[in-house]
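Please read it beside the coordinates.

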Amino acid sequence: MEAWPSTLPQRVMVDYEIDFRTGLCDEGETRNPQRLRTHSEREATFQIFVTAAELETFKTFWNTTLNQSAPFTAPWLESMGYEYHFLRFLEAPGWTHSGGNYWVVSLPVEIIANVETDSEGDPAIWIPEEEEE
């Protein structure tokens with residue numbers, strides 16, 4: 001699992017939007033809902049304030065490390081109270097110049113939280129197999 005680069009800001013701006021979701025395939029499942037978690041629990045748009053050099057680092061992370069789609073972990077979710085989490089981009093991130101050497105990067109992501117990880121730190125998501133007929 002890829003991780004948010006340590007050379008980028010480790011916190012997001014205070015203002016962000018989160019759309020809450022259940023994150024379960026079957027909301028009525030009471031026996032073991034953790035094992036059925038296969039959908040995003042939340043969709044969010046976070047923003048970070050970066051320098052021009054940090055923007056280039058972010059672009060490399062987005063294009064090369066994530067190949068524009070891989071899931072990743074981010075330190076700011078831990079400070080928000082999420083455990084066993086990862087993020088995936090819903091769409092391409094955007095950035096706007098805010099003057100001088102500074103940019104605001106918008107991160108439209110889905111949050112998959114409270115998912116246990118395996119020994120390698122990857123999400124241990126179990127998807128029920130379809131029964132053969």
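A polar atom of the His97 side chain lies 2.8 Å from the backbone oxygen of Gly100.

| Backbone atom | Distance to a polar side-chain atom of His97 |
|---|---|
| Gly100 oxygen | 2.8 Å |
| Gly99 nitrogen | 3.5 Å |

This is a predicted model: local features need pLDDT of at least 70, side-chain atom pairs count only at pLDDT 80 or more, and totals for chains, interfaces and linings use all residues. Residues are numbered from 1 along each chain as its sequence is written, and side-chain values use heavy atoms, with hydrogens and water left out.

His97 sits in strand β6 (residues 94-99); strands are DSSP runs of E, at least two residues, numbered from the N terminus. Its relative accessible area is 46%. That makes His97 partly exposed, a class between buried (under 20%) and exposed (over 50%), with a 1.4 Å probe and protein chains only. Not counting residues up to four places away in sequence, His97 touches Tyr102 and Trp103, where contact means heavy atoms within 4.5 Å.

Strand β3 (residues 42-51) pairs with β7 (residues 102-112) in the antiparallel sense over ten bridges; pairing needs at least two DSSP bridges. Arg42 has Ile111 as its bridge partner in β7.

Note on methods: Helix = DSSP H or I, 4+ residues; strand = E, 2+ residues; numbered from the N terminus. Polar contact = N/O pair within 3.5 Å; in protein donor to acceptor, adjacent residues only side chain to side chain.
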